[in-house]
Amino acid sequence: MSLLTLLPFIVLIGAMFLMTRSAKKKQQQAVDMRNQMQPGSGVRTIGGVYATVKEVHEDTVLVDAGPGVELLFAKNAIGAVLTDDEYNRIVHGVEHDLKSDADIVPDDASSLTGTDDSGADDKAVDLGKKDAADEPAGDDAPADDTPAAEAKTDAEPKKTDGGSEAK
């Protein structure tokens, strides 16, 4: 057999070797991550449960998921061991910010203008279109020079006497 005939098989075996090698590497990293767990660490399970590690055993982990809620998981069910900052940010909503002394930007721009118009007119302005049906019924027919009157006459069908040639 020639080398040219064996080349596809060699390439296929090489690709399989590289894929299994990277998979084993990821699996080893996951095992190392799970072995780093210690009581007090924040974890996320593969099911999406956030909890604090209470006890670590050989194959299982006892976690505290809330007040009075203790759950027993297999070590393989731990998806990620979180840092303290990340766990507090996700679970408790606590942001650890290094710029805590910096000015805080408000959510709205009203405090940035610097003027306090407490006597300002707070009446809501209606910017929606008005139909002829929505207008107050003061007169039965509006004046002929208004746009509403033109729109009404255009929208009304022409009346016929009923005598048509097509019977």
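Analyst: Here is a walk through the terms, each set against its definition.

Analyst: This is a predicted model, where local features need pLDDT of at least 70, side-chain atom pairs count only at pLDDT 80 or more, and totals for chains, interfaces and linings use all residues. Residues are numbered from 1 along each chain as its sequence is written, and side-chain values use heavy atoms, with hydrogens and water left out.

User: How many helices and strands does the protein have, and what makes something count as one?

Analyst: The protein has three helices and five strands. Both are DSSP runs numbered from the N terminus: helices are H or I with at least four residues, strands are E with at least two. From the N terminus on, the order is α-β-β-β-β-β-α-α.

User: What makes E1 and E2 a pair?

Analyst: Two strands pair if DSSP finds at least two bridges between them. Strand E1 (residues 42-45) has three bridges to E2, and the two run antiparallel. Arg44 stands opposite Tyr50 in E2. Their hairpin has four residues between the strands, and Gly48 there takes a positive phi near 95°.

User: Which other strands pair with E1?

Analyst: Strand E5 (residues 78-82) does, antiparallel to E1 and joined by four bridges. Thr45 has Ile78 as its bridge partner in E5.

User: And how do E3 and E4 pair?

Analyst: They are antiparallel too, over six bridges. Asp64 has Glu70 in E4 as its bridge partner. In this hairpin, two residues sit between the strands, and Gly68 takes a positive phi near 80°.

User: Why is the contact between Lys54 and Glu70 called a salt bridge?

Analyst: The rule asks for a side-chain nitrogen of Lys or Arg within 4 Å of a carboxyl oxygen of Asp or Glu. For Lys54 and Glu70, the closest N and O atoms are 2.0 Å apart, so the pair qualifies. Lys54 lies in strand E2 and Glu70 in strand E4 (residues 69-74), so the pair ties together parts that are 16 residues apart in sequence. A search of the whole structure finds one salt bridge.

User: Are Lys54 and Glu70 buried, exposed or partly exposed?

Analyst: Buried means under 20% relative accessible area, exposed over 50%, and partly exposed in between (1.4 Å probe, protein chains only). Lys54 has 39%, so Lys54 is partly exposed. Glu70 has 42%, so Glu70 is partly exposed as well. Of the 167 residues of the protein, 13% count as buried.

User: What makes a group of residues a nonpolar core?

Analyst: A core is a set of buried Ala, Val, Leu, Ile, Met, Phe, Trp, Tyr and Cys residues joined through side-chain atoms within 4.5 Å. The largest one here has nine residues: Met37, Val43, Ala51, Val53, Val61, Val63, Phe73, Ala77 and Ile78.

User: Which residues does Phe73 touch?

Analyst: Leaving out residues up to four places away in sequence, Phe73 touches Thr45, Asp59, Thr60, Val61, Val63 and Ile78. Contact means heavy atoms within 4.5 Å.
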